[in-house]
Amino acid sequence: MNDTPLRLVGLRGATTCAANTTTDIRQAVRELIDDLVSRNGISPAQIVSVTFSVTADLDACFPAAEARQRNGWDSVALLDCQQMAVQGDLCHCIRVLAHVWLPPEQTPQHPYLGEASRLRPDRSGHN
């Protein structure tokens with residue numbers, strides 16, 4: 001990072017995957033993280049931590065294991081947890097909370113992809 005003052009921001013996002021398979025979960029995580037990084041123009045040095053939560057119907061693999069494969073993410077603190085089960089919640093959903101350093105004037109962008117766009121229509125671009 002450079003000498004520009006930065007502020008710590010929590011970026012949220014979510015996506016869904018087609019099935020409870022390692023391949024589908026990894027693909028969904030890649031797309032979600034690619035979009036989060038691209039929309040916010042962040043580098044690994046700006047990322048403090050990333051927490052993934054998954055609905056109870058996703059247990060084929062850990063989302064953080066896919067994120068850990070990214071170049072430069074070896075110093076990023078990654079955590080997986082299970083999303084609280086709420087009746088009527090979206091199935092096959094992966095949520096993310098990333099703590100990152102952004103310039104003060106930059107507006108955070110929160111990607112909500114796939115069926116998860118219904119969770120936050122105000123942030124999904126589908127409203």
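1. The backbone oxygen of Leu36 lies 2.9 Å from a polar side-chain atom of Asn40. This is a polar contact (a pair of N or O atoms within 3.5 Å; within protein, one must be able to donate a hydrogen and the other to accept it, and residues adjacent in sequence count only if both atoms are side-chain atoms).

2. A word on the model: it is predicted, so local features need pLDDT of at least 70 and side-chain atom pairs count only at pLDDT 80 or more, while totals for chains, interfaces and linings use all residues. Residues are numbered from 1 along each chain as its sequence is written, and side-chain values use heavy atoms, with hydrogens and water left out.

3. Asn40 belongs to helix H1 (residues 22–40); helices are DSSP runs of H or I with at least four residues, strands are runs of E with at least two, and both are numbered from the N terminus. Is Asn40 buried or exposed? Its relative accessible area is 2%, so Asn40 is buried (under 20%; exposed is over 50%, partly exposed in between, with a 1.4 Å probe and protein chains only).

4. Now look at Ser53, in strand S2 (residues 47–54). Ser53 is also buried, at 10% relative accessibility, and its side chain makes a polar contact of 2.6 Å with the side chain of Gln83.

5. Four strands form an open, mixed sheet in the order S1-S4-S2-S3. Strands S1 (7–16) and S3 (77–82) are at the edges with a single partner strand each, so one side of each has no neighbour in the sheet. Strands pair if DSSP finds at least two bridges between them; S1 and S4 (residues 93–102) run antiparallel, joined by ten bridges.
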